[in-house]
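Me: I have a structure to read, and I am new to this. Could you take me through some features, one by one?

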Amino acid sequence: MSSIIFTTMKLRKMIFILTGLLCAVIIIAGFNTSPQPGDPSGKAALGEKLFFDPLLSKDRSLSCSSCHIPQFGFADTIAFSKGIHHTPTKRNTPGITNLSGRPNYFWDGRAATLEDQALQPIINPDEMGLPIEEAVQRLNENESYRLYFQQVFNSPATGKNILQAIAAFERTLETANSPYDRYIAGDDNALSPPAIRGRLLFIGKANCNNCHSGEDFTADRFKNIGLYNGTSLKDAGRFEATKDSTHRGFFKVPGLRNVAVTAPYMHNGMFKTLKEVIAYYNEPNHIVQDGINRDLSLNKPLNLSNEEMNDLEAFLVALTDDRFKIAHH
């Protein structure tokens with residue numbers, strides 16, 4: 001009799017233990033926060049998800065990538081991008097590759113960090129039009145994003161970590177796999193003969209290297225190249241950020257990596273092709289006669305021949321990373 005009682009008690013104990021284990025499994029499964037396939041695993045991955053999500057625009061119609069189109073060097077293909085109300089932006093949307101370490105952002109340099117830059121299109125009423133407080137609320141009400149931010153930042157979404165994530169993604173958009181890079185690395189056949197001649201013009205007769213220097217072909221300065229006259233060309237550029245009258249007509253010198261796929265060009269998108277850009281620098285007065293306080297280095301024509309201008313274009317095209325080849329051709 002005692003053996004039967006013992007066996008019954010043992011069986012009940014086992015059932016109790018198994019029941020407890022089953023409950024624990026159910027509880028753990030219900031609160032599982034381990035990354036699933038396709039979930040962002042870090043700041044940059046979360047930032048990439050946010051970059052392509054229209055959730056960050058007021059009417060959920062636009063994402064960052066709507067204007068910064070990946071196949072075109074993360075630039076737009078029109079002079080002025082359209083916001084949520086189909087209102088054109090004030091300035092041309094630039095490419096955002098190779099921005100790590102830049103000292104300022106936007107054509108007028110009003111943002112000091114990529115995080116500052118990431119904020120402006122989201123909250124601008126004529127662009128994505130979403131107050132950052134509303135963006136935070138949306139993300140925290142979204143089950144997936146609530147989990148992602150907990151995984152990556154160990155906290156809910158905040159204005160600060162939303163921008164940190166987007167900026168982290170933008171910092172991954174570095175490119176260094178162009179024909180030019182392979183040429184510099186020792187592959188003498190990486191550049192075509194016209195591009196090789198164009199490179200010599202770039203650092204010599206054409207004087208491009210004066211402003212477009214360094215690894216990313218920008219000296220990170222502001223220059224007045226004559227595209228401000230106060231009448232037909234009214235954008236005062238850097239002046240609007242600093243209110244310093246000596247900055248009228250100054251704009252940030254953009255980097256030239258992937259420039260072949262980021263047309264149209266200049267802060268106002270006034271040049272549709274690289275040929276037009278080169279033609280302007282070759283003889284500025286032929287295109288804009290009344291530019292105010294234009295840089296003295298542009299006072300004299302470069303006197304480039306048609307062949308030299310073609311060679312210079314070939315070199316600029318050779319600055320295109322391989323990932324964008326399809327877009328250019």
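Me: Which residue caps the N-terminal end of H6?

Reply: Keep in mind that this is a predicted model. The cap is Asn142. One of its side-chain oxygens lies 3.0 Å from the backbone nitrogen of Ser144.

Me: What follows H6?

Reply: Asn154 does. Its phi is positive, near 55°.

Me: Which residues of H6 are buried?

Reply: Helix H6 covers residues 143–153. Its buried residues are Tyr145, Tyr148, Phe149, Val152 and Phe153. Look down the axis of H6: these buried residues fall within an arc of 95°, so they line one face of the helix.

Me: What covers the buried residues of H6?

Reply: The cover includes three helices: H2 (43–51), H5 (132–141) and H7 (159–170).

Me: Now the rings. How is a pair of aromatic rings described?

Reply: Two things describe it: the distance of the centres and the angle of the planes. Here, a search of the whole structure finds 14 aromatic pairs. One of them joins Phe74 and Phe169. Their centres are 6.5 Å apart, with 70° between the planes. That pair is edge-to-face.

Me: Where do Phe74 and Phe169 lie?

Reply: Phe74 is in the loop between helix H3 (64–67) and helix H4 (114–123). Phe169 is in helix H7.

Me: What about Phe149 and Phe153: how far apart are the centres of their rings?

Reply: The centres are 5.9 Å apart. The planes are at 20°, so this pair is stacked. Phe149 and Phe153 are four residues apart in helix H6, so about one helical turn separates them. Both are buried.

Me: How accessible are Lys58 and Glu134?

Reply: Lys58 has a relative accessible area of 38%, so it is partly exposed. Glu134 is at 25%, so it also counts as partly exposed.

Me: What does Asp108 form with Arg110?

Reply: The two form a salt bridge, with their closest N and O atoms 3.0 Å apart. Asp108 has 4% relative accessibility, so it counts as buried. Arg110 is at 44%, so it is partly exposed.

Me: Which residue forms a salt bridge with Lys205?

Reply: Glu308 does, and the closest N and O atoms are 3.0 Å apart. Lys205 lies in the loop between helix H9 (193–203) and E1, and Glu308 in helix H12 (residues 306–317). They are 103 residues apart in sequence, so the pair ties together those parts. Lys205 is partly exposed, at 42% relative accessibility.

Me: Which residues are linked in a network of salt bridges?

Reply: Lys90, Arg91, Asp108, Arg110, Asp235 and Glu240.

Me: Let us zoom in on Asp235. Is it buried or exposed?

Reply: Buried means under 20% relative accessible area. Asp235 has 13%, so it is buried. Its place is in the loop between strand E1 (222–223) and helix H10 (239–242).

Me: What does the side chain of Asp235 reach?

Reply: It reaches the backbone nitrogen of Gly237 at 2.9 Å. The side chain of Asp235 also makes a polar contact with the side chain of Arg91, at 2.7 Å.

Me: How far apart are Asp235 and Lys90?

Reply: In sequence, 145 residues; in space, 8.9 Å, C-alpha to C-alpha.

How values were computed:
Residues numbered from 1 in each chain as written. Predicted model: local features only at pLDDT ≥ 70, side-chain atom pairs only at ≥ 80, totals over all residues. Heavy atoms only, no water. Buried < 20%, exposed > 50% of the residue type's maximum accessible area, 1.4 Å probe, protein only. Helix = DSSP H or I, 4+ residues; strand = E, 2+ residues; numbered from the N terminus. Arc of directions from axis to C-beta. Contact = heavy atoms within 4.5 Å. Polar contact = N/O pair within 3.5 Å; in protein donor to acceptor, adjacent residues only side chain to side chain. Phe/Tyr/Trp six-rings, centres within 6.5 Å; stacked < 30°, edge-to-face > 60°. Salt bridge = Lys/Arg side-chain N within 4 Å of Asp/Glu carboxyl O.
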